[in-house]
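Student: Could we go through this model together? I'd like to know what stands behind each term.

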Amino acid sequence: MNIYTNCSLLHYNTFGIQVRADMLVEYESVGELKQALALYHERMGEKPLLHIGGGSNLLFLCDFKGMVLHSLVEGYKVVGEEGDDVLVRVGAGMTFDDFVSESLWRGWYGLENLSGIPGQVGASAVQNVGAYGTEVGSLIEKVEGVSLSDGSQHSWKGAECGYAYRQSIFKQELAGQYAITYVTYRLHRTFRPQLEYGGVRQAMAEAGFSEDTLTAMKLRQVILFIRRQKLPDPAVQGNAGSFFMNPVVSKREFDSLCRRFPGIPGYRQGEDAFKVPAAWLIEQCGWKGRRWNDSPAAVHDRQPLVLVNKGGARGTEILHLCEDIQTDVKKKFGIELRHEVNIVAPEGDLDDIDDD
Ligand SMILES: Cc1cc2nc3c(=O)[nH]c(=O)nc-3n(C[C@H](O)[C@H](O)[C@H](O)COP(=O)(O)OP(=O)(O)OC[C@H]3O[C@@H](n4cnc5c(N)ncnc54)[C@H](O)[C@@H]3O)c2cc1C
């Protein structure tokens, strides 16, 4: 177990926000996690407790005056085989994309379209990460966790986790209550490529890959290629991927939007709803590539869904940018944009945070 006090979190958040935590504890096993929790309850009293993964979906607004937990529980093991399916239990601290790559080498398919998503395995189950037509929730068999309040161990079947677009019970009714320790994925021995989404076929053709000879590894290369074209690398420019979720509106609202804004894109969601790309809404409001108030907080110049730190931005500047975008989108389209990124603020009023 590694214990750091007054620790910089600069390398624990991909936005690259310079904040500190009173204490950061990294643990390598469930036993060590329980020791860390005992330490927290003994020493930190009423102070807040936060579990982070790779920090690729977090925005810190100020120093964290409490304990931050970080999992180093790695490794994976086959725990079952059922027909074509293989059940693999993976440590929550493993880098998600390392497991995606490893699974494909092993001939376990299903995660290929999720290649290149930053962060850890544990957070994949919290966030229900998704990309190119696949959501991880559809491949999760079981999630294991430890209660942060009393150290007791729990598990949830995939179907109990409430998975929906970027949602799970771990972001809703159980938010902040459990440390996820292991995730069991249900993968398949047969490769069934999903190619319908977001320019995958076109990128395949450009790479000279035909559908007949496509392998999961080749599909991974295609996905990684598309992602590199579209998304800024956090190592070069701080960001947390898509800052906002794509809003879903009713058919009636969408029809009315189409009359007012001919050409507005929308993708049918079931019978009576449409998903509208938030990037389009943001661009129409003139925010693409713009900075907030001459600060280093800006909207990415190629992908308006991504807010970036051009160097030395404060969390509050990114938050102000987020709020101004939300206001403008609401004013122009009547649509509420919800942020996907988890904002870490002190308890109480956001206005209390020192902006200087
Ligand atoms: C360049 C870039 C591209 C991205 N692309 C995508 C994409 O295509 N699709 C997508 O869905 N997301 C994407 N993301 C967002 C992000 O990668 C995912 O949300 C990822 O799952 C976050 O993982 P993390 O380990 O960094 O979690 P963190 O950001 O550290 O935490 C996210 C949330 O999970 C909680 N958490 C983390 N670990 C645990 C644990 N072990 N136990 C309990 N709670 C925990 C945290 O408290 C927090 O609420 C992208 C981000 C970046 C920077």
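Tutor: Let's start with pairing: two strands pair if DSSP finds at least two bridges between them. Helices (H or I, at least four residues) and strands (E, at least two) are DSSP runs, numbered from the N terminus. This is a predicted model, where local features need pLDDT of at least 70, side-chain atom pairs count only at pLDDT 80 or more, and totals for chains, interfaces and linings use all residues. Residues are numbered from 1 along each chain as its sequence is written.

Student: What makes β2 and β5 a pair?

Tutor: Strand β2 (residues 20-27) and β5 share six bridges in the parallel sense. The rule asks for at least two bridges, so they count as paired. In β5, L69 is the bridge partner of V25.

Student: Why are β1 and β3 called edge strands?

Tutor: The open sheet has four strands in the order β1-β2-β5-β3, with mixed pairing. β1 (2-8) and β3 each pair on one side only, so they are the edges by the pairing rule. From one strand to the next, the twist averages 25°.

Student: How do you know where α1 sits relative to that sheet?

Tutor: α1 packs on the sheet and touches β2, β3 and β5, with its direction at about 150° to that of β2. Axes are lines fitted to C-alpha atoms, for helices over the stretch in contact, and angles run from 0 to 180 degrees between N-to-C directions.

Student: What makes domain 1 and domain 2 neighbours in contact?

Tutor: The bounds come from an automatic or database domain assignment, which gives domain 1 (2-71), domain 2 (76-230) and domain 3 (238-344). Residues are in contact if their C-beta atoms, placed from the backbone, lie within 7 Å. By that test, 13 residues of domain 1 are in contact with 13 residues of domain 2. On the domain 1 side, α1 (30-43), β3 (49-52) and β5 (64-71) each supply at least two residues, and α1 gives the most, with four.

Student: How do you know whether the chain's radius of gyration agrees with that of a compact globule?

Tutor: The radius is taken over C-alpha atoms, and the globule rule is 2.2 Å times the number of residues to the power 0.38. For 356 residues the rule gives a value near 21 Å, and the protein chain has 21 Å, so the two agree.

Student: And what share of the residues is called buried?

Tutor: 41% of the 356 residues count as buried, meaning 20 or more other C-beta atoms, placed from the backbone, lie within 10 Å of the residue's own.

Methods
Two residues are in contact if their C-beta atoms, placed from the backbone, lie within 7 Å. A residue is buried if 20 or more other C-beta atoms lie within 10 Å of its own, exposed if 12 or fewer, and partly exposed in between; C-beta atoms are placed from the backbone.
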